[in-house]
2 protein chains.
Amino acid sequence: VNGVRLGTAAAGIRYQNRDDLVLFDICEGATVAGVFTRNAFRAAPVQVAMRNLSATSPRYLMINSGNANAGTGQAGHDNCLASTQLLADAAGCDAQQVLPFSTGVIGEPLPLAAFTTGIPLAIGSLAADNWLTAARAIMTTDTVPKLVSKQVRIDGKLVTFTGMAKGAGMIRPDMATMLAFIATDAGVSTSALQAMLASAADQSFNRITVDGDTSTNDACILIATGRGELHVPDTDQQTLQALQAEVNALCTELAQAVIRDAEGITKFMTIDVQQGASEAECLQVAYTVALSPLVKTAFFASDPNWGRILAAVGRSGLPELDVSAISIYLGATCIASAGGRSPDYTEQQGQQVMQQDEITVTIKLGRGDARASVWTSDLSHDYVRINAEYRT
Amino acid sequence: VNGVRLGTAAAGIRYQNRDDLVLFDICEGATVAGVFTRNAFRAAPVQVAMRNLSATSPRYLMINSGNANAGTGQAGHDNCLASTQLLADAAGCDAQQVLPFSTGVIGEPLPLAAFTTGIPLAIGSLAADNWLTAARAIMTTDTVPKLVSKQVRIDGKLVTFTGMAKGAGMIRPDMATMLAFIATDAGVSTSALQAMLASAADQSFNRITVDGDTSTNDACILIATGRGELHVPDTDQQTLQALQAEVNALCTELAQAVIRDAEGITKFMTIDVQQGASEAECLQVAYTVALSPLVKTAFFASDPNWGRILAAVGRSGLPELDVSAISIYLGATCIASAGGRSPDYTEQQGQQVMQQDEITVTIKLGRGDARASVWTSDLSHDYVRINAEYRT
């Protein structure tokens, strides 16, 4: 993306012999939007990034893995400010123009010395084609880097989008997921860009869950450099909508990539709730099913255990729910209707669907026209192993 | 308990060579109270039991394991009614005086032939000292029968209480847990007994969770036979309160016994939330922590990972939560305060607490005087194995 350069360094924050520090150098005149976790225990870097984003035009994103600088109290806040000052001194900008992000262990002091070492190295490596290296450097329990890039034409003009995300556990984003960074060379005002990101995050990162645990460090940033062909005035709603659709698609792809790399995943599950009275109640049902340990272990076992899905729908708390109007599908197969097993359903059909790696559960509530989907993973032995072994 | 006789039979409902049918024969003049699941997909027996309880003075409870008769639609309802009629014919009472309960696989037709075989055998075995045999007969994934009995003196009069429960998974009772049956020889009016049970269940069975999944078949029944020394008129509030305290204690012991036998449990966890603005918000925080897969896997790993507890508190959704006022204790050790790790805390202290089988997490919110606790289990490899292998 013209206008964005990335640099990385092995700063030794926690890991040895791997990159753990990433810089985004953002051109002058770019606009930047961000959405952040709603967890009340927001990490120090999240608080600083939110404040700096609202006060200035950011010139740098600085991301470290290996240490979340969360649950670190006043000392963590001071360390975070000191780290942004280190970069500001080396890069010749104001410390407020640095947005800091951290991911890794909660509650450990941020090692400032590693930043002193790493920042000059990362500045020295700044380049436009460093996205994959950067996507690798922010990984923690991730097994693959998550990176999406595309070029499309809008109003006949070429627009480039590139975005990366990290996250595999503690995933139930509320406003944004655990670190996603997206850039486009389109030109968009800050206010339009912020609205665009909030809307896109709501349809993508806010529709995924691994374990229901919202991170203290969630953040998603969208950069519009204005160095490409397309420049969109705020008044051009049609072009803004075309851009919004592309941002939505990219965020959805990244969000799904987080789920595909979920800790211990063996099955990618889409919970698609239809015929609800409102989108909110569709999401309520979808999340109840997506978070149910019993549904998730059944999928791990490739067991078409529709009774557990039905029980989860039943406890989702919808007022005046008429269970006889509900039907539930596994893939294209209707498994439950009229409060019980579907008359034509056979166990064999269910087991056939369960052989697939990606499975959609469709729940038709029969009480309206609203619809919403969430994406989630199953609950496997490996999820327990990974989270018993790893110190978040 | 004078006035209650129990009978069991190996009816062959699903299991071979083990008891799976239980009858409670309740004396004339006894009062009976019940609380039932709020899951919208209430099983047929729950619906019938609720209706019969409000219409008549029950003379029999009939409980089968191996088949939940849930998600079975109209046919399941018809089967349930037919099974109560079979018992009514054999016992010489009205079918409405039978309260049916089922636990086991969801969505399979209830095999009526097994009831035809089993009911006469169960009637033939009716005896006052059959509680342990009955507690064993209603087990599914339970590994131990859960039975509590005690005798106390209230107003100088001897009162006997005996209760049993089953349940190890799909446990997040909402009004009651998956099948608990309690009897006392005290005499109490139906209305006072119902109020007593609702209050006791709210403080006990409604304070436990294994996996957040509320069963379709939850039910808890309290029988007062009036065949003992103590008879309490509705106007004697003081004695009713003394009785209430005993029922609360018994229900709490049974509820905790369910958690001690939770699927895959290695640690019994008490989440005690104090200094809340209301009991409701204390419960909201307690359940968020108790349901967090990350907290539960950390406890499985004996890892004093207070960052995960803090993150769960932070996402629990309390409005205007001041994280600097919160302190978190593992056992008696303060692990977090002022938004970060407690200054005096050492990892060694945390690991010492983690060696225990029963651990209390205390969360002081610093915003009021309310308090509430929930009890839960950790998330282990065995939880996943049991639920991947077992068809609910």
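Student: Which element gives the most to the lining of the second largest pocket?
Tutor: H2(B) does, with 3 residues. Before we go on: this is a predicted model, where local features need pLDDT of at least 70, side-chain atom pairs count only at pLDDT 80 or more, and totals for chains, interfaces and linings use all residues. Residues are numbered from 1 along each chain as its sequence is written, chains are lettered from A in the order in which they are written, and side-chain values use heavy atoms, with hydrogens and water left out.

Student: What makes H2(B) a helix?
Tutor: A helix is a DSSP run of H or I with at least four residues, a strand a run of E with at least two, both numbered from the N terminus. Helix H2 of chain B spans 73–91, so it qualifies.

Student: What makes a residue part of the pocket lining?
Tutor: It has an atom within 4 Å of a pocket point; on a 1 Å grid over the protein atoms alone, a pocket is an open set where a 1.4 Å probe fits, with protein on both sides within 12 Å along at least five of seven lines. Here 17 residues pass, and among those nearest the centre are Val323(A), Arg42(B) and Gly73(B).

Student: Why is the pair Glu108(A) and Arg341(B) called a salt bridge?
Tutor: The rule wants a side-chain nitrogen of Lys or Arg within 4 Å of a carboxyl oxygen of Asp or Glu. Their N to O distance is 3.8 Å, so the pair passes. The count between chain B and chain A is 3 salt bridges.

Student: Which element gives the most to the side of chain B that touches chain A?
Tutor: H9(B), with 8 residues.

Student: How many residues are in contact across the two chains?
Tutor: 55 residues of chain B are in contact with 54 of chain A, contact being heavy atoms within 4.5 Å. Together the chains bury about 4300 Å², 60% of it on carbon and sulfur atoms. That is the accessible area (1.4 Å probe) lost on putting the two parts together, summed over both.

Student: What makes Ser302(A) stand out?
Tutor: Its phi is near 55°, a positive value in a residue other than glycine. Most residues other than glycine have a negative phi. Ser302(A) sits in the loop between helix H8 (293–300) and helix H9 (306–314) of chain A. In chain B, Ser302(B) also has a positive phi of about 55°, and its place is the loop between H8 and H9 of chain B.
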